[in-house]
Amino acid sequence: MNVGDLESVARSLVAPGKGILAADESGPTIEKRFQGISVPSTESNRRAYRELLFTTPEVSGYISGAILYDETIRQKSSDGIPFPEVLIRRGIVPGIKVDEGAKPLPGFPGEKVTEGLDGLRDRLAAYRELGARFAKWRAVIDIGDGIPTAFCIRANAHALARYAALSQEAGLVPVVEPEVLMDGGHTIERCGEATNEVLSRVFSELARHRVRLEGMLLKPNMVIPGKKCPVQADVSRVAEETVRTLSRTVPAAVPGIVFLSGGQTPRQATEHLNAMNGMGGHPWELSFSYGRALQDPVLKAWKGEAANVPAAQKAFLHRSKLNGAARFGKYVPALEDAA
Ligand code: 5MM
């Protein structure tokens with residue numbers, strides 16, 4: 001795959017009015033999500049749930065790509081079609097989570113580094129064979145007493161850049177996800193400082209690793225106060241601080257920024273994206289790659305019952321449409337209640 005092909009896949013993932021569904025929950029994470037609706041995390045329940053998402057009527061008007069987990073990319077729909085093919089037929093680009101999770105960083109209490117570089121070249125080739133056209137790797141940065149350290153940021157940025165270079169070599173668009181967590185009681189200013197430091201380091205490592213910026217996407221957190229911070233920020237403040245931080249750190253050659261939702265409510269995640277797009281004049285597309293903010297209402301409507309699939313798909317389509325409107329800065333709260 002040449003640079004032009006990578007760039008055209010990256011651009012299609014941030015096509016106007018569309019964004020990415022993050023459905024790449026690993027075993028422990030999907031178990032946690034299913035526990036919330038009292039559904040056992042069995043292979044057949046996970047398959048049924050992902051089929052519900054991928055076959056939602058009309059959703060490809062708002063969803064450009066879907067990130068899958070290793071198990072999911074090998075599963076089939078109830079009529080025997082491999083999930084990547086189900087997605088491709090509907091005009092949704094299949095993607096794959098290729099990291100192997102964030103593990104404790106030895107010598108740095110409370111900090112983590114994401115693993116998964118060993119054997120990655122071969123795994124990427126296999127995923128491309130299975131139909132994936134983009135990949136994702138998530139690094140996790142926590143804010144706390146004396147953390148994040150510069151060393152932790154550097155270790156994660158280095159791994160992200162190695163992954164991104166290998167992905168491009170394999171013909172997969174790398175989605176680079178350095179997530180500064182919104183857990184804890186830190187202020188929005190502290191989140192801004194940490195995010196600034198993380199993104200600066202990530203782009204410096206990407207340059208060192210000769211990653212072609214036109215053929216990648218960035219998946220960052222928004223600049224937002226910690227959930228336990230007594231001073232919360234309004235929508236316009238989050239939008240302004242986030243755009244300011246991105247303007248200082250993300251080169252204009254990057255075609256798109258696809259935010260994670262990170263524990264925001266579905267409505268907050270939509271409102272923040274909408275406010276940023278309402279500001280206009282950005283060099284990159286500002287889009288979404290939400291997991292929980294797209295799926296929470298779907299899980300609640302589904303509850304593991306086949307009879308609830310139409311209602312759950314309706315909830316997924318609705319949330320996707322609202323985020324599609326936010327891509328144009330055209331979301332208004334009244335749309336929440338629209339059928
Ligand atoms: C969907 O969850 C993804 C995989 O998480 P685990 O490795 O912890 O199982 C996760 O990377 C997700 O893509 C991002 O965090 C975005 O999801 P949210 O819910 O933050 O929008």
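1. The second largest cavity is lined by A139, I141, I153, N156, A157, L160, P178, V198 and V202. A cavity is a set of points on a 1 Å grid, laid over the protein atoms alone, where a 1.4 Å probe fits but cannot get out; a residue counts as lining if it has an atom within 4 Å of a point. About 40 Å³ of space lies in this second largest cavity, a volume being the space filled by probe spheres set on the points, which are joined across faces, edges and corners.

2. This is a predicted model, in which local features need pLDDT of at least 70 and side-chain atom pairs count only at pLDDT 80 or more, while totals for chains, interfaces and linings use all residues. Residues are numbered from 1 along each chain as its sequence is written, and side-chain values use heavy atoms, with hydrogens and water left out.

3. In the lining of the second largest cavity, β6, α7 (150-169) and α8 each supply at least two residues, and the largest share, four residues, comes from α7. Helices (H or I, at least four residues) and strands (E, at least two) are DSSP runs, numbered from the N terminus. By class this lining has eight nonpolar residues, one polar and no charged. Here Ala, Val, Leu, Ile, Met, Phe, Trp, Tyr, Cys and Pro count as nonpolar, Asp, Glu, Lys and Arg as charged, and the others, Gly among them, as polar.

4. The count of cavities of 30 Å³ or more is two. The largest cavity holds about 40 Å³ of space, and its lining consists of E179, V180, M182, N221, M222, I224, L260, S261, G262 and Q264. Five of these residues are nonpolar, four polar and one charged.

5. T195 belongs to helix α8 (residues 188-208). T195 is buried, with a relative accessible area of 2%; buried means under 20%, exposed over 50% and partly exposed in between, with a 1.4 Å probe and protein chains only. Its side chain reaches the backbone oxygen of C191 at 2.7 Å. Leaving aside neighbours within four places in sequence, T195 is in contact (heavy atoms within 4.5 Å) with V180, N221, V223 and T245.

6. The largest pocket has a volume of about 990 Å³. Of its 41 lining residues, T29, R33, K97, R138 and E179 are the closest to its centre. A pocket is an open set of grid points with protein on both sides within 12 Å along at least five of seven lines. Elements that each supply at least two residues of this lining include α2 (27-35), β6 (134-141) and β7 (173-180). The lining divides into twelve nonpolar, nine polar and 20 charged residues.

7. The second largest pocket holds about 160 Å³ and is lined by R33, G36, I37, R292, D296, L299 and K300. Helix α11 (residues 292-302) gives the largest share, four residues. Two of the lining residues are nonpolar, one polar and four charged.

8. An N or O atom in the side chain of T29 is 2.5 Å from an oxygen atom of the ligand. For D24, a polar side-chain atom lies 3.3 Å from a ligand oxygen atom. G291 has a backbone N or O atom 2.8 Å from an oxygen atom of the ligand. A polar contact is a pair of N or O atoms within 3.5 Å; within protein, one must be able to donate a hydrogen and the other to accept it, and residues adjacent in sequence count only if both atoms are side-chain atoms.
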